Structure formats: C-alpha cells, structure tokens
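User: I am new to this structure. Please walk me through what the labels rest on.

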Amino acid sequence: MINFIKFAHNLSRLSGVTATLLVIAAVFVTTEMVIVRYFLNMSTTWQTEFVIFSLAAATFVGSPYVLLKKKHVSIDIVTHYMSKKNQKLMSYLASFFSIIFLIIFLYTSIELFIHAWEKNLKTPTIWNFPLWKVYIFLPIGAFLLIIQSIADIFCTMIDYNNPKGN
C-alpha cells in the first residue's frame with residue numbers, strides 16, 4: 001500500500017511539473033504574440049488557441065498535484081468539529097463520491113476523444129488544429145485524479161500523514 005501511495009504521489013508531482021511547463025509555454029507564446037502583433041505589426045494565427053489549449057490542459061493534468069498538496073477548495077468547518085472517526089468517515093465518503101464522478105468523467109472524456117479521433121475533428125480556424133490533441137488531456141487528468149484519490153483513501157486508512165506530500 002505504501003508503494004502505491006508513493007507511486008501515486010510521484011505521478012501527481014510529475015503532473016504538477018507538466019502543468020507548470022504548459023503554463024510557462026503559454027506565457028512565452030503570449031509574450032511572443034504581443035511582440036508579433038503590436039511591435040512587428042504582423043498577424044497571429046495559432047497563438048491564441050495554443051494558449052487556451054495549454055491552460056486547459058494544465059488545469060486537467062495539474063489537478064492531481066493540487067489534490068496531493070491539499071490546495072483544492074474544501075469546506076472543513078463541519079468536519080473540524082467532528083471526532084477523528086467521523087472525520088475519517090467523511091474523508092472516505094468524499095473520496096468515494098469523487099471517484100464515482102471521475103469514473104463517469106473518464107468514460108465520457110474517452111468517448112469525446114475517440115469521437116474527435118475517428119471523425120478527424122479540427123478547430124474551425126486558420127490553424128486547423130486536431131481536437132483529439134486537446135481532448136486527450138481530459139481522460140489523462142481524470143485517470144491521474146482517480147489514482148491520487150485512491151492514494152488519499154489509502155493514506156486515510158493507514159494514517160499516512162506526510163506534510164511534504166511524499
């Protein structure tokens with residue numbers, strides 16, 4: 001169980017690094033777009049879409065890292081006043097319902113990806129970017145979140161409390 005937890009945490013950290021690189025790429029492309037548009041008086045074709053897609057991908061791929069670090073929005077006013085036993089129960093319930101939602105989301109996002117792949121869907125812009133390359137980040141993010149959620153359940157089960165997220 002500890003090995004799975006460590007594996008999931010390493011996978012979540014890798015997803016955080018990937019999301020960071022996507023955001024950095026979006027920042028550089030935005031800077032390039034501003035320079036090309038306003039200083040060189042040239043038009044841009046792909047930059048806006050790239051930035052939008054990069055930030056969307058970073059959101060989905062980076063979410064397991066956010067869950068790992070417990071930086072997501074949580075309402076803990078009720079659980080704060082509960083006994084340790086009831087806090088664990090609430091943690092299990094929240095993780096269980098999260099996993100159920102994520103399995104449904106994973107299934108539908110795989111369907112969306114396959115549809116875009118089979119129909120060769122592309123953006124209706126000059127760039128004409130294949131949408132499957134965008135949609136692939138949905139199931140990847142959902143799958144990684146499922147892995148991290150299972151690891152969170154295991155952490156709760158064995159009281160694995162590592163403040164550094166290892």
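Analyst: Start with a cut-off. Buried means under 20% relative accessible area, and exposed means over 50%. Keep in mind that this is a predicted model.

User: Why is aspartate 152 called buried?

Analyst: Aspartate 152 has a relative accessible area of 11%. The limit for buried is under 20%, so aspartate 152 counts as buried.

User: What makes aspartate 152 and lysine 70 a salt bridge?

Analyst: Their side chains meet at 3.0 Å, N to O. The rule asks for a side-chain nitrogen of Lys or Arg within 4 Å of a carboxyl oxygen of Asp or Glu. The pair therefore qualifies.

User: Which parts does the pair of aspartate 152 and lysine 70 tie together?

Analyst: Aspartate 152 lies in helix α6, while lysine 70 sits in the loop between α2 (47-68) and α3 (77-80). These parts are 82 residues apart in sequence, so the pair links them.

User: How many salt bridges does this rule give?

Analyst: The count is two. Aspartate 159 and lysine 88 also meet in a salt bridge, at 3.3 Å, N to O. Aspartate 159 is in the segment after α6 and lysine 88 is in helix α4, so this pair ties together parts 71 residues apart in sequence.

User: What makes the largest nonpolar core?

Analyst: Six residues do: Leu67, Leu102, Leu106, Ala142, Leu145 and Ile146. A core needs buried residues of the listed kinds, joined through side-chain atoms within 4.5 Å. The elements giving two or more residues to this core are α4 and α6 (137-158). α6 gives the most, with three residues. Leaving aside neighbours within four places in sequence, leucine 106 is in contact with Pro139, Ala142, Phe143 and Ile146.

User: Why is serine 109 called buried?

Analyst: Serine 109 has 3% relative accessibility, so serine 109 counts as buried. Serine 109 is found in helix α4. Not counting residues up to four places away in sequence, serine 109 touches Leu138 and Pro139.

User: Why is isoleucine 104 called exposed?

Analyst: Isoleucine 104 is in helix α4 (residues 84-118). At 52% relative accessibility, isoleucine 104 counts as exposed, because the cut-off is over 50%.

User: Which residues make the nonpolar surface patch of about 660 Å²?

Analyst: Leu89, Met90, Leu93, Phe96, Phe97, Ile100 and Ile104 make this patch.

Definitions and conventions. Residues are numbered from 1 along each chain as its sequence is written. This is a predicted model: local features need pLDDT of at least 70, side-chain atom pairs count only at pLDDT 80 or more; totals for chains, interfaces and linings use all residues. Side-chain values use heavy atoms; hydrogens and water are left out. Patches are made of residues with over 30% relative accessible area and no salt bridge: like charges are joined within 9 Å, nonpolar side chains (Val, Leu, Ile, Met, Phe, Trp, Tyr) within 5 Å. Accessible areas come from the Shrake-Rupley method with a 1.4 Å probe; for residues, only the protein chains shown count as cover. Helices (H or I, at least four residues) and strands (E, at least two) are DSSP runs, numbered from the N terminus. Buried means under 20% relative accessible area, exposed over 50%, partly exposed in between (1.4 Å probe, protein chains only). Contact means heavy atoms within 4.5 Å.
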